[in-house]
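Me: I would like to go through a structure feature by feature. Please give the general idea each time, then the case at hand.

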Amino acid sequence: MSPQHSHSQPIPPDCNVIQLHLHRLEMLFDPMDPSPWLSKDLQPRILERIVEGARDYPLNAPLALVIYADQMDEQLQDTHSVCDALRTNFAQLSMQARHRLRLHLRRGLISLMIGLTVLACALIGSKLLGEGTIASTLRESLDIGGWVALWRPMEMFLYDWWPIQGDRMRYRALSRMPIQIHVQQEAPVRQGQA
């Protein structure tokens, strides 16, 4: 059956296509969000399906989204606006990831300063200790404790930042991808009908 209503943005041949089938087009948006339809956040389950589909491909791979819907609610006037709402959602998620990355790096810098201060104090303290078994044990404990204080900052700078950056890049790519929406039944569906 050919779609009765569609918004077709051309999809380049090299794009990796993420396909989504919905009973009703408004299922894209979170029903718990009190905003008007096209300002709502994406429904979390749908968002995860799109993002997981994008994760199947490398970060720099070109993506496209094709949505097949059986029905369109009367509150969603046209599929072009739905495409814009989808792109806006992903652009906002990209900005949120950018903010998370900045905050993470700021916390990492503060943690690094704290860790270096603890390490310097521990090394100075271990040098001031005298001789003897207890002093030797304390010296080793201070040295180990000082280096352990750098563990978390190093983890933050070496490993924890890149998944956030990857999400940011993925959301940015999703906000720019071509989107096609095909609605089988253009007739409006009343609220409460499935």
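**Reading the features**

Reply: Start with Trp161, which sits in helix H4. Helices (H or I, at least four residues) and strands (E, at least two) are DSSP runs, numbered from the N terminus. This is a predicted model, where local features need pLDDT of at least 70, side-chain atom pairs count only at pLDDT 80 or more, and totals for chains, interfaces and linings use all residues. Residues are numbered from 1 along each chain as its sequence is written, and side-chain values use heavy atoms, with hydrogens and water left out.

Me: Is Trp161 buried, partly exposed or exposed?

Reply: Buried means under 20% relative accessible area, exposed over 50%, and partly exposed in between (1.4 Å probe, protein chains only). Trp161 counts as partly exposed because its relative accessibility is 33%.

Me: At what angle do H2 and H3 pack?

Reply: Axes are lines fitted to C-alpha atoms, for helices over the stretch in contact, and angles run from 0 to 180 degrees between N-to-C directions. Helix H2 (residues 79-128) and helix H3 (residues 133-148) pack at about 165 degrees, with axes 8 Å apart. Angles under 35 degrees count as roughly parallel, over 145 as roughly antiparallel, 65 to 115 as roughly perpendicular and the rest as oblique. H2 and H3 are therefore roughly antiparallel.
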